[in-house]
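Here is a quick tour for anyone meeting this structure for the first time. Take a look at the sequence and the model, then read on.

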Amino acid sequence: MKTDKNDSNRIIKLKDVAKQSIFTTPDDYFDNLPGIIQSRVAEKTSTRHRWQQIPVYARLAIPAFVMLLIAFYLGLKPGNSPVSVQAMIDEISTQEMIDFIHDSDITTDELLAMVDLENLDIDNLQEEDIHLLNDDEWDEILDDFEFMNQDDSI
Amino acid sequence: MEDSDLLIKLRNSESRNYGFNLLVRKYQERIYWHIRKMVIDHDDTNDLVQEVFIKVWNKIDTFREDSKLFTWIYKIATNQCLTFLAKKKRRFFLPIGDVEAELTSSINAGYHITGDDIQLKLQKAILKLPDKQRLVFNMKYYDEMKYDDIAEITNTSVGALKASYHHAVKKIEEYLKID
């Protein structure tokens, strides 16, 4: 490591410092990492497929129902004004609600039993309801729909 | 394997898993070290690297070949780092100094850390840079990336990057002065 002899403050030039990393990894880390990542990807893919088994109209109704549950719970807490409850609900994204449902013990049948599907007017779904699903999810739902309509004898 | 061949495998449902495995093996180390130099801790890096490649898997169909595949992956990794560090700062509710102190203490703790005094001092000096300047410095100094590639990753002009790197070097050399 050289220093500038003419400078009484003994400045060290970066170019004179050996370029080496101080960081290390556990043994075999990079040998194992691809398998770990592949497992997580496979797990996420199968989780998505379970969600798709819930009918479209129920998937759209469930987040609204969960929001009502949360609003009811928050509304019962003392000191919560209607404005703050609404603000709290607004902060919850649809994906967070979906993740909440996945992580809970509630079954698909239990969820569907809570939703009043009789009065759900599918034909007049609002734009904002449809936007709960993104394009990729719509594509996958439509693929599943075609799959379900195939002749069972095939 | 060339990136173009990797992309063909990734876009074919039958070879997608195999193609993805090859992609991870090809880029995992570069992405790991890029993140590690920013977040310091191995365990945090491990989590972030996995998130990066899961994002790559989820978004590969949206990749437009108007940039290099590695640049695109690097960009995802860079955003993950900056988001992670921003969250850390929010948890502290305090200015950057405290996050810098935590990262410095990770170096001092020595967990999967090695190197002589000047190397450790250099790393601590780099930690004193703002996150984005630190990113630019690492990509230029350690990864020896071209300014054009860094510009694409950071959405910054080459001129601004050169100025940023120049100032970073000056700050680091000031810190490295022997007392």
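Predicted model: local features only at pLDDT ≥ 70, side-chain atom pairs only at ≥ 80, totals over all residues.

## The overall build

In what order do the elements of chain B run from the N terminus on? They go α-α-α-α-α-α-α-α-α.

Chain B has 179 residues, and 51% of them are buried. Its exposed surface comes to about 8,800 Å², with carbon and sulfur atoms supplying 49% of that. As for how the chain meets itself, take the contacts between residues at least 6 apart in sequence: 60% of these join residues at least 24 apart.

## A positive patch on the surface

Which residues gather in a patch of positive charge on the surface? They are B:K55, B:K59, B:K87 and B:R90. Two helices of chain B each give two or more residues to this patch: α3, covering 42-59, and α4, covering 69-92.

Let's zoom in on one member, B:K87, which sits in helix α4 of chain B. B:K87 counts as partly exposed because its relative accessibility is 46%, and partly exposed is the class between under 20% (buried) and over 50% (exposed).

Most residues other than glycine have a negative phi. With that in mind, have a look at two spots in the loops of chain B.

One is B:I40, with a positive phi near 70 degrees. You'll find B:I40 in the loop between α2 (16-39) and α3 of chain B. Since its relative accessibility is 1%, B:I40 counts as buried.

The other is B:E144, whose phi is also positive, near 55 degrees. B:E144 lies in the loop between α7 (131-141) and α8 (147-154) of chain B. Here the relative accessible area is 55%, so B:E144 is exposed. To put the pair together: B:I40 is buried, whereas B:E144 is exposed.

Technical notes
Residues numbered from 1 in each chain as written. Chains lettered and ligands numbered in written order. Heavy atoms only, no water. Patch = residues over 30% accessible without salt bridge, like charges linked within 9 Å, V, L, I, M, F, W, Y side chains within 5 Å. Areas by Shrake-Rupley, 256 points an atom, 1.4 Å probe, with all protein chains shown as cover. Salt bridge = Lys/Arg side-chain N within 4 Å of Asp/Glu carboxyl O. Lys, Arg positive; Asp, Glu negative; His and termini not counted. Charge placed at Lys NZ, Arg CZ, Asp CG, Glu CD. Helix = DSSP H or I, 4+ residues; strand = E, 2+ residues; numbered from the N terminus. Buried < 20%, exposed > 50% of the residue type's maximum accessible area, 1.4 Å probe, protein only. Contact = heavy atoms within 4.5 Å.
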